[in-house]
Amino acid sequence: MSISIDIKLKRASKIYHEGEIVAGVILLKTNSDVKHDGIFLSMDGSVNLQLSSKNFGIFEAFYNSVKPIQLVQYTLDAAPSGKIPSGKTEIPFELPLKPRGTKSLYETYHGVFVNIQYLIRCDIKRNFLAKDVSKTLEFIVEDKVPSKMEREPSKVETFKIMPELLQNARDRTNVPRFCISGKLNTLYCKISEPLTGEVVIEHCEAVIKSIELQLVRVETCGCAEGYSRDATEIQNIQIGEGNPCTNLPIPIYMIFPRLFTCPTLSTSNFKVGKIAYFYFACINQLYFCICLYKLYFVTEFEVNLIIVFEDDYLVTENFPIILSRY
């Protein structure tokens, strides 16, 4: 006696906004009548923080004890105890997408140290002789774009890379003579639109092997006692291969991956970065007291333009960017 369970949402995109109703159906399929002790549906949204092992001192006390921060938690009884008839059965449902208490909803984001996820879970409870059946589905939460909003004109960011302008070069005598210029059409990027611009090799004594564009996330987790700040690569695309012609504009075109990027928020405490504050308790065993700490996380994004020469010597130009939903 087997039960096949699936969750289907009415929206094929699975994208929802705060305050909307997440509607869909539970699809059950079985080859015979099956008894159950109730069908339950739950919606959970949480922020999972993994503090980096690079931290020392007070962070080590709660490194493994930071629990997920619940943003959404809602449960309903989809069906009372009874029997699931043979064949296919559909159970419709509606769940309100509202935050708990005074919390705010953040966009879905899959990072290394910061993970924001929203899940719908269906559980079929059965007696102690049979195994419970469960199914989990992730849906995406995005900020709602205002119907009318005037956006400031984009400011073009121009750049020029030369040996004299390199900051971290140890021995400039071994650096080949070159001049690379270009532009990014904006550093304030709409997350649903690509990052665009161009690179021009004005002159170069060495042979260029590759020109690459790297998207990096910088995640910060911490409190007043200390923090960890780690940069990890999201994607790396090659925009030029081999020795390119001089004075020929090479287009820059990078699409931001949906789940691995999220809008950057500005707050009164931090001008750039996605930031949230949470309070948690840490028990000090030495003095038998409970201390209250303020935990925060910040997610920023950067773009690196990488020029790789034939001898594998590379030059990097860094551009901090701000991502926005609108």
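**Exercise 1. The nonpolar core**

Which residues touch the most other members of the largest nonpolar core? Identify them, then describe the surroundings of L97.

*Solution.* The structure is a predicted model, in which local features need pLDDT of at least 70 and side-chain atom pairs count only at pLDDT 80 or more, whereas totals for chains, interfaces and linings use all residues. Residues are numbered from 1 along each chain as its sequence is written, and side-chain values use heavy atoms, with hydrogens and water left out.

Step 1. A nonpolar core is a set of buried Ala, Val, Leu, Ile, Met, Phe, Trp, Tyr and Cys residues joined through side-chain atoms within 4.5 Å. Buried stands for under 20% relative accessible area, exposed for over 50%, and partly exposed for values in between (1.4 Å probe, protein chains only).

Step 2. The largest core holds 71 residues, and I26, I39, L97, I120, F139 and L305 touch the most other members. Strand β10 (residues 114-124) supplies the largest share of this core, 6 residues. Strands (E, at least two residues) and helices (H or I, at least four) are DSSP runs numbered from the N terminus.

Step 3. Leaving aside residues up to four places away in sequence, L97 touches Y16, H17, E18, G19, E20, V22, M43, V72, L105, F139 and V141. Contact here requires heavy atoms within 4.5 Å.

**Exercise 2. The chain as a whole**

Determine how many helices and strands the protein chain contains, and what percentage of its residues is buried.

*Solution.* Step 1. The protein chain has 1 helix and 21 strands.

Step 1. Of its 326 residues, 44% are buried.

Step 2. Among contacts between residues at least 6 apart in sequence, 69% join residues at least 24 apart.

**Exercise 3. Salt bridges**

Examine the salt bridge between E107 and R258, and state which network contains these residues.

*Solution.* Step 1. Side chains of opposite charge can pair when their charged atoms come close. The criterion is a side-chain nitrogen of Lys or Arg within 4 Å of a carboxyl oxygen of Asp or Glu. By this rule the count is 11 salt bridges.

Step 1. E107 and R258 meet at 3.2 Å, N to O. E107 lies in the loop between β8 (87-96) and β9 (109-110), and R258 in the loop between β18 (250-254) and β19 (274-284), so the pair ties together parts that are 151 residues apart in sequence.

Step 2. E107 is buried at 1% relative accessible area, while R258 is partly exposed at 22%.

Step 3. Salt bridges link E107, E142, R258 and R325 in a network.

Step 4. A further salt bridge joins D123 and R121 (3.0 Å, N to O). In that pair, D123 is buried at 13% and R121 is partly exposed at 35%.
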